[in-house]
Amino acid sequence: MKKYILTTMLFLIGITAFAQNPEYSGRPYLWQDKKLSDLERVEAQFDTKSKALGYGGVDILYTVFTDKSDVRFAKDKLPTFVIKVDKGIDPAESYVILKAKIKKKKRSFLVGSYAMGGKAKDTGEPKIKAVFKKLKDGIYEVTLPNDTSTGEYAFVPNSAEGMSMGNKIKITCFGID
């Protein structure tokens, strides 16, 4: 009898522990009330924007063709996220959280900016300095800084994949009110 009780308890503990693991690697999840929930996943199109006919440089961005995420959080109760990454991957180097600029009912996430001669320009303003804390192998908790302002945000992969005109990638979005 004790053997069955012990086996049942271990089985239930195993199910509970497994339920807390994100299903997909590289996809952020909301961590709330000890449960993982999906966030808004949208296609973002790679785009460039020339300034002053190119003489002012070029901005490189991802555009989402809606102006607001359907996943919202209050500024005074910032969310906590969980992300799963493959072994040996640093999530802080693989993903960046960007604040969108809203214009003409579109969200634009600036990922790079270059001067006329091709020299890189600082784009530090829209990047959010999140804290990545290891929970266990391959699973990290992501918290936003307390001074995160209201606006539209996205987890954007920090890679050159998809960076060709017209290409699309999936990004994870949320809004802070």
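1. Let me start with the aromatic rings: a search of the whole structure, which is a predicted model, finds seven aromatic pairs. Rings of Phe, Tyr and Trp (its six-membered ring) pair if their centres lie within 6.5 Å; planes under 30 degrees apart count as stacked, over 60 as edge-to-face and the rest as tilted. The ring centres of Phe 73 and Phe 81 are 6.4 Å apart and the planes meet at 85°, so this pair is edge-to-face. Phe 73 and Phe 81 are both buried (under 20% relative accessible area, with exposed meaning over 50% and partly exposed in between, 1.4 Å probe, protein chains only).

2. Phe 81 also forms an edge-to-face pair with Phe 155, at 5.1 Å centre to centre and 85° between the planes. Because Phe 81 sits in strand E6 and Phe 155 in strand E13 (residues 151–157), the pair ties together parts that are 74 residues apart in sequence. Phe 155 is buried, as is Phe 81. Ring pairs link Phe 73, Phe 81, Tyr 153, Phe 155 and Phe 174 into a cluster.

3. A word on conventions, if I may. Residues are numbered from 1 along each chain as its sequence is written; local features need pLDDT of at least 70, side-chain atom pairs count only at pLDDT 80 or more, and totals for chains, interfaces and linings use all residues. Side-chain values use heavy atoms, leaving out hydrogens and water.

4. Next, have a look at strand E12 (residues 139–143), where four of the five residues are buried. Strands here are DSSP runs of at least two E residues, and helices are runs of H or I with at least four, numbered from the N terminus. E12 runs antiparallel to E6 (residues 80–84), with five bridges between them, and Val 82 has Glu 141 as its bridge partner. Strands pair if DSSP finds at least two bridges between them.

5. What stands opposite Glu 141 in E12? That is Lys 133. Strand E11 (residues 131–136) is antiparallel to E12 and joined to it by five bridges. E11 and E12 form a hairpin with two residues between them, and Gly 138 in the turn has a positive phi of about 80°.

6. Finally, Glu 40 in strand E3 (residues 40–51) is worth a click. Glu 40 has a relative accessible area of 12%, so it counts as buried. Its side chain makes a polar contact of 3.3 Å with that of Arg 107 (N or O atoms within 3.5 Å; within protein, one must be able to donate a hydrogen and the other to accept it, and residues adjacent in sequence count only if both atoms are side-chain atoms).
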